[in-house]
Amino acid sequence: MQTARTVVASTVVNLRDLGGIALSRDRRVRQSALFRSGQLSELDPENDRAIAALGIRTVVDLRTADERRWAPDRLPHRSRLFVADVLGDHPGVAPSRLRSLLADPDGARRALGGGRAEELFADTYRKMVLSPGAAAAYRAFLETAADPRARPLLFHCTAGKDRTGWAAAVLLMILGAPRATVRADFLGVNPAVRAAFAPQVARFLDGGGDPAVAAAVIEVRPRYLDAALDAMDERWGGLEGYVRDGLRVPGAVLERLREGLVISG
């Protein structure tokens, strides 16, 4: 099953092109229009040729204010920054504290041990669907992605897996991808995220950290996506109701997304 294509960049982790993902037998996502990644705080716009070749016009940062302050984005040349803070209503939840959690094995064990890490992440996914602040952020992301003048567009959070993962899932479903395709693409980031965080995980484990906690923090899991999909289905009866009544995305925006990002072949 086709998932987002990995783009190898020297200073940006987990960079993927959504182009080429199959939406049906004869329709696909347009290539080189939408990219997802981890944070851009280490981007070297002068020397990272892979990034320069993408011609990014817009960067959508889904992180909290604290994350942006601790690790501000470095932008590709001639691109503009658009902030869409998904977790502003809940700034202390786990996805916004990945690095601090991995830096404190004892604290992580107390807060997240005994299976609580997976439960807390699943609860965060529910918040990303049900929170008014998250809805406003995802609506802004979709409206920006629908503007052809904003593309090529890169959207990201810290690791490029949770907030970014749900943004990609919603976008793909709007474009017509079946849930099996959405799930495959959602889980497809795990190898890149494990590699990106391998040094921090190694230090965490050397300090006595719980491997189960590290895995639940670093990985995306089927349960996380299921938590978001279940919240969407229970509150709004599925994607259509979520987009119309939860995100309040105008129909014209949905039309522009499909017209601009869906191709035949």
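Q: At 24% relative accessibility, how does Arg68 count?

A: Buried means under 20% relative accessible area, exposed over 50%, and partly exposed in between (1.4 Å probe, protein chains only). At 24%, Arg68 therefore counts as partly exposed. This is a predicted model, in which local features need pLDDT of at least 70 and side-chain atom pairs count only at pLDDT 80 or more, while totals for chains, interfaces and linings use all residues. Residues are numbered from 1 along each chain as its sequence is written, and side-chain values use heavy atoms, with hydrogens and water left out.

Q: With which residue does Asp85 form a salt bridge?

A: A salt bridge is a side-chain nitrogen of Lys or Arg within 4 Å of a carboxyl oxygen of Asp or Glu. Asp85 forms one with Arg68, and their closest N and O atoms are 4.0 Å apart. Asp85 lies in the loop between strand E7 (80-83) and helix H3 (98-102), and Arg68 in helix H2 (residues 65-70), so the pair ties together parts that are 17 residues apart in sequence. Helices (H or I, at least four residues) and strands (E, at least two) are DSSP runs, numbered from the N terminus. Asp85 is partly exposed, at a relative accessible area of 23%.

Q: How many salt bridges does the rule give?

A: The count comes to 23 salt bridges. A network of them links Glu118, Glu119, Asp123, Arg126, Lys127, Arg194, Glu219, Arg221 and Arg223.

Q: Where do Asp106 and Arg109 lie?

A: Helix H4 (residues 105-112) holds both, 3 residues apart, about one turn of the helix. Asp106 is partly exposed at 41%, as is Arg109 at 36%.

Q: What separates the closest N and O atoms of Asp226 and Arg183?

A: In this salt bridge the closest N and O atoms are 2.6 Å apart. The pair links distant parts of the chain, with Asp226 in helix H12 (residues 222-236) and Arg183 in helix H8 (residues 179-187), 43 residues apart. Asp226 is partly exposed at 26%, and Arg183 is partly exposed at 27%.

Q: Is Arg63 buried or exposed?

A: Arg63 is buried, with a relative accessible area of 0%. Its place is in the loop between strand E6 (58-61) and H2.

Q: With which residues is Arg63 in contact?

A: Contact means heavy atoms within 4.5 Å. Leaving aside neighbours within four places in sequence, the contacts of Arg63 include Gln39, Arg68, Asp85 and His156. The C-alpha atoms of Arg63 and Gln39, 24 residues apart along the chain, are separated by 8.7 Å.
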